Amino acid sequence: MRSAAWRAANPTKVKRNSHAYRLNNPAQNLLDGARWRARRDNIEFSIKKSDVTIPEFCPLLGIKLESGRGVGGAKASSPSLDRIKPELGYVPGNVWVISYRANMIKSDATLEELRTLTERLADVLSD
């Protein structure tokens with residue numbers, strides 16, 4: 001383990017090593033982020049790394065998932081850990097990995113709003 005003094009004296013190495021670790025361990029990165037959000041928001045958290053499976057494609061949008069960050073943050077195709085039923089928290093069986101884009105789309109829309117949106121969009125585009 002590296003000391004705080006070493007980290008303070010080598011910020012460039014720390015940043016490079018941290019970035020490389022996150023890129024090479026995407027499931028752990030998703031788990032760490034979820035743990036942080038659970039603590040921040042007082043949400044139940046009992047999942048393990050084995051509960052986080054990253055598929056090749058987003059199960060909702062069908063886009064290829066690509067680990068890494070875009071300019072200024074996550075890319076639309078970045079894997080994102082989602083709570084299927086948000087009120088249950090990060091518990092086994094209630095999480096899956098979808099694209100960041102899909103997670104943002106469903107983050108605050110209700111199922112009824114999404115149905116209405118797609119129906120009306122289909123009507124407009126079919127004219």
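Reply: Happy to; we will look at the pocket, a surface patch and the salt bridges of this predicted model.

Me: Which elements supply the lining of the largest pocket?

Reply: At least two lining residues come from each of α2 (11-24), α3 (26-41), β3 (79-83) and α4 (100-106). Helix α3 gives the largest share, with six residues.

Me: And how do the residues of that lining divide into nonpolar, polar and charged?

Reply: Eleven are nonpolar, nine are polar and seven are charged.

Me: Now the surface. Which residues form a nonpolar patch there?

Reply: Look for Leu60, Leu61, Ile63 and Ile105, which together have about 300 Å² of accessible area. Leu60 sits in the loop between α3 and β1 (69-70).

Me: Is Leu60 buried or exposed, or in between?

Reply: A residue is called partly exposed when its relative accessible area lies between the buried limit of 20% and the exposed limit of 50%. Leu60 has a value of 44%, so Leu60 is partly exposed.

Me: Let's turn to charges. How many salt bridges does a search of the whole structure find?

Reply: The search finds five. To read one, look for a side-chain nitrogen of Lys or Arg within 4 Å of a carboxyl oxygen of Asp or Glu. Take Arg35 and Asp32: their closest N and O atoms are 3.1 Å apart. Both residues belong to helix α3, where they are three residues apart, about one turn of the helix.

Me: How accessible are Arg35 and Asp32?

Reply: Both fall in the partly exposed class: Arg35 has a relative accessible area of 26%, and Asp32 has 33%.

Me: Which partner does Asp41 have in a salt bridge?

Reply: The partner is Arg40, with 2.8 Å between the closest N and O atoms. Asp41 is partly exposed at 37% relative accessible area, and Arg40 is also partly exposed, at 49%.

Me: And where does Lys64 find a salt bridge partner?

Reply: Its side chain meets that of Glu56, at 3.2 Å from N to O. Here too the accessibility is intermediate: Lys64 is partly exposed at 43%, and Glu56 is partly exposed at 47%.

Terms used
Residues are numbered from 1 along each chain as its sequence is written. This is a predicted model: local features need pLDDT of at least 70, side-chain atom pairs count only at pLDDT 80 or more; totals for chains, interfaces and linings use all residues. Side-chain values use heavy atoms; hydrogens and water are left out. Helices (H or I, at least four residues) and strands (E, at least two) are DSSP runs, numbered from the N terminus. Ala, Val, Leu, Ile, Met, Phe, Trp, Tyr, Cys and Pro count as nonpolar, Asp, Glu, Lys and Arg as charged, and the others, Gly among them, as polar. Patches are made of residues with over 30% relative accessible area and no salt bridge: like charges are joined within 9 Å, nonpolar side chains (Val, Leu, Ile, Met, Phe, Trp, Tyr) within 5 Å. Accessible areas come from the Shrake-Rupley method with a 1.4 Å probe; for residues, only the protein chains shown count as cover. Buried means under 20% relative accessible area, exposed over 50%, partly exposed in between (1.4 Å probe, protein chains only).
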